[in-house]
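Open the model in your viewer and get ready to select residues by number.

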Amino acid sequence: MRHSTILSLAKLCAPIAIVVAVVTACGSSGSAKSTSSATVVSSSVASSSASAVSSDATSAGVSSSSSVSINSAACDALTTHIAKVVCMSDAFKATLTASQLTSVQYDWSNKKAKTTWSNFPTSFVARNGLRFGAMSAESLLTAKALVATVLSAEGYSDFLGTMAADDYLKASGGGSDYSSSNYYIAFIGTPVVNGSWMIQIGGHHMAYNITYLSGVGYPTPNHIGAEPKASFEINSATYSPMAGEGNAMVAMFKGLTSSELDYAYLSGQTYSDVLIGPDNGSGVLPSAYPSGSNRTGKRVSDLTATQQALVTAAVEQWVRDYPSAVSDALMADYTSPAAYADTFIAWAGTKSKGVDVDTAGTYMRIDGPRLWIELVCQNGVVIQGKTHYHAFYRDKTMDYGNSL
Amino acid sequence: MKPLFSLLILLMSFMSTQVHAHAANQSTLLLDIGTDSVQAELQIPVDELFLALPDELKAQSLDALVQQKAELSSYIDAHLSATSSENNGKFAIKVRSLSVGLINQVSNLIVTMSLTPPQGASPRAFRLTDNVVLHRVVNHKTTVTIRRDFANAQFAEAPQLLGMIYYQNDTIVINQTKGSLWLGARAMIRMGMEHIADGLDHMLFMISLLIIAPMIRKRNPAGKLVWYPSSSVKEKCLNIIKVVSAFTLGHSMTLLISALKLISIPSQAIEVMVAVTILLAAVHAIRPLFEGRDWLVAGAFGCIHGMAFASALENIGFDLKTFVVALFSFNLGIELAQLLIVAVLVPWLILLARFSKYYDGLRVLIASFTALAALSWILERALGFRNWVNPLVEQLFSFSPYILLSFATLAILSVLQFKRNHRTHPCAKLM
């Protein structure tokens with residue numbers, strides 16, 4: 001009797017099991033929808049009056065969330081550039097939440113992360129790290145202060161101008177892909193004074209990739225672009241982030257005689273974009289530099305002192321975007337007589353138009369033993385009918401501090 | 001389902017805020033490695049192409065340009081070459097077609113070509129030099145991929161990146177000598193099996209056929225056709241074999257005909273018809289719709305399903321020998337999967353039909369569920385009316401191992417119960 005009760009119970013249970021399965025399926029299918037990944041937002045302001053810095057820092061750190069100002073006195077007081085950079089990095093990190101800290105920090109060995117940067121809008125190519133738009137007001141201020149420490153005054157002004165250009169493009173009907181809040185900051189390796197690490201700051205038309213090796217900074221590969229390339233006004237301020245760069249490159253070629261200009265022309269070559277653009281996460285250095293007989297153009301050491309000064313002035317437009325602690329050594333190496341004996345300036349485009357930045361396809365470059373600068377004029381994307389700049393500054397031997 | 005989805009995606013992409021001129025200025029070269037030749041497709045962004053063309057071609061509009069097959073062919077010819085790695089002989093390159101198409105929202109010139117190796121050389125090992133556009137636009141890059149290579153189980157769904165062609169690097173070495181027909185056949189068998197495993201609609205159809213396999217039709221006193229359990233095992237097995245064989249024959253025939261592109265019916269229509277066959281099969285499993293000649297109906301339905309299967313083979317554009325092997329292997333995979341379903345399901349169905357008084361209820365429940373699913377598919381595929389039934393069906397199928405287990409459990413319990421109830425009747429025969 002007992003057996004049959006169990007059996008009949010079991011026989012009852014089996015269909016019930018099926019029904020339960022159906023009901024659970026109904027239930028979970030309702031919640032099967034998942035929200036798409038939302039950006040990290042934490043409105044909670046990180047604590048801290050303490051800045052996670054070396055012991056000789058006086059109590060400084062960040063003020064509370066109500067007043068948006070930061071006190072960088074402690075970092076300014078440090079004597080070396082690298083110490084200041086590390087101090088400011090730590091001050092920035094101190095404002096972040098735990099999950100923001102995780103997203104902003106990459107491993108030093110991560111070659112893919114190191115080589116992930118781009119000129120495209122961030123909706124096309126994802127950037128590493130933490131988005132400006134996802135930061136608290138305090139974090140954003142500290143981030144900008146960090147950038148101001150990492151770059152020189154000119155560099156910081158270019159940085160602000162590039163972001164403002166994105167807001168300008170958005171206001172000009174470019175859509176929400178463009179915005180000054182779509183810029184990112186990331187650390188690859190932990191910021192330390194006596195070690196190896198990298199900072200990436202980037203977004204549309206911007207890529208700063210500065211590798212610090214025991215305090216020495218290597219600021220390439222670097223990208224800066226500008227649409228519009230002429231000066232523009234947004235939010236009651238006027239910007240022209242690449243006017244200096246563009247004008248200096250043009251001046252360099254305008255300083256040549258007509259036969260020299262002819263000689264420097266890359267005949268038979270058309271440039272719709274630069275030769276060596278983003279590395280796209282490849283993890284390796286690019287290998288497409290012109291070599292051997294393909295290295296054409298006007299040799300800089302063959303130019304007069306005045307003409308060479310114009311070349312140096314153009315180079316400075318990129319290299320002096322970084323503080324002298326970083327740029328002095330680089331300038332010395334790039335513009336030494338030995339370097340100039342192996343440096344060529346060349347241009348391409350519509351020959352009859354000359355070096356005309358308002359003609360699409362106009363291309364200029366400086367090709368040295370280490371130094372590599374390209375500037376190309378492309379058709380406008382948002383602002384139709386006007387060209388815009390794409391520029392890349394690389395170091396053939398010391399990109400990423402040669403630490404890939 | 002699929003064409004509707006792709007139409008939706010296409011529409012959405014057109015509605016996105018901005019077509020970025022930033023984007024893709026790269027060419028793509030897709031290689032299909034065959035037994036006697038290589039078929040290549042070169043996709044060139046039109047903007048880049050126009051920067052590189054000789055002046056007389058440059059002056060044309062795009063539409064006019066595409067008509068100039070001879071001139072464009074000779075331009076391509078001048079900048080593309082292939083040399084056999086075996087005997088250093090040159091491949092013969094012939095442009096087959098030119099067209100313009102949108103790829104990733106960018107207008108591209110699409111050039112299809114055949115590359116034939118020199119006498120006695122294999123098409124699987126060669127050096128390819130390509131400076132189309134690159135000869136002039138020095139920043140131009142070309143992505144080279146192997147799109148199809150049957151002998152290496154490489155199918156069009158996921159092209160394999162071979163490398164890049166760019167400034168000062170315009171030659172790429174292709175070496176596909178490893179691989180065999182068996183490798184490809186094996187992959188196609190797996191593809192056939194996966195096609196059934198992923199095809200919920202087909203599975204439900206099969207289940208609808210199988211749940212009536214242990215039954216026969218009789219007219220009830222009211223004259224209506226109803227299902228009765230059949231007591232003959234032999235008859236049941238024979239029935240199943242006849243129905244499954246007819247279905248197999250039907251779908252094999254139309255799979256072949258469709259894959260050979262001898263008939264061409266819009267895939268949306270096929271998908272709707274498949275859903276209709278499922279509906280009919282489900283209703284028939286509740287209350288018989290017709291008497292006799294099951295195999296004929298199964299064969300007819302098989303024909304419809306075969307056309308749906310062929311859509312999975314759409315992209316298999318190989319030469320004849322490979323095609324035959326591919327088709328045969330794919331069909332074999334389908335059969336193996338179906339046999340597996342039969343083997344896994346039928347014993348329990350037979351036991352349940354014989355020993356469980358719940359079988360009728362179960363049959364009606366499953367058939368009703370199938371009918372509901374089929375209805376929702378018809379609505380979705382014919383009218384694009386997406387509803388909540390499809391996700392429910394998919395969710396339920398994720399529980400299928402458990403459902404099968406409960407079937408098996410129920411069957412065993414029914415047998416035990418039956419044995420128990422009939423223990424006191426020594427004359428009662430089991431089976």
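A crossing is left-handed if the near helix is turned anticlockwise from the far one by less than a right angle, and right-handed if clockwise. Helices (H or I, at least four residues) and strands (E, at least two) are DSSP runs, numbered from the N terminus.

This is a predicted model: local features need pLDDT of at least 70, side-chain atom pairs count only at pLDDT 80 or more, and totals for chains, interfaces and linings use all residues. Residues are numbered from 1 along each chain as its sequence is written, while chains are lettered from A and ligands numbered from 1 in the order in which they are written.

Select helix 3 of chain A (residues 81–94). The crossing is left-handed. Which residues of helix 3 of chain A meet helix 6 of chain A? Among them are A:Val85, A:Met88 and A:Phe92, and the helix 6 side includes A:Ala143 and A:Leu146.

**Stop two: helices 10 and 11**

Now select helix 10 (305–319) of chain A and helix 11 (residues 324–334) of chain A. They pack at an angle of about 150°, with their axes 11 Å apart. They are therefore roughly antiparallel to each other. This crossing is right-handed. The contact (C-beta atoms, placed from the backbone, within 7 Å) is made by A:Val315, A:Glu316 and A:Val319 of helix 10 and A:Ser327, A:Leu330, A:Met331 and A:Tyr334 of helix 11.

Stay on helix 11 of chain A. A:Val326, A:Ser327, A:Leu330 and A:Tyr334 are buried (20 or more other C-beta atoms within 10 Å of a residue's own; exposed means 12 or fewer). On the other side, A:Ser324 and A:Ala332 are exposed.

**Stop three: the core**

A nonpolar core is a set of buried Ala, Val, Leu, Ile, Met, Phe, Trp, Tyr and Cys residues joined through C-beta atoms within 7 Å. The largest has 125 residues, and A:Val311, A:Val315 and A:Trp347 touch the most other members. Helix 3 of chain A gives the most to this core, with 8 residues. A second, separate core of 68 residues includes B:Met215 and B:Ile286.

Technical notes:
Contact = placed C-beta atoms within 7 Å. Axes fitted to C-alpha atoms, helices over the stretch in contact; angles between N-to-C directions. Parallel < 35°, antiparallel > 145°, perpendicular 65-115°, else oblique.
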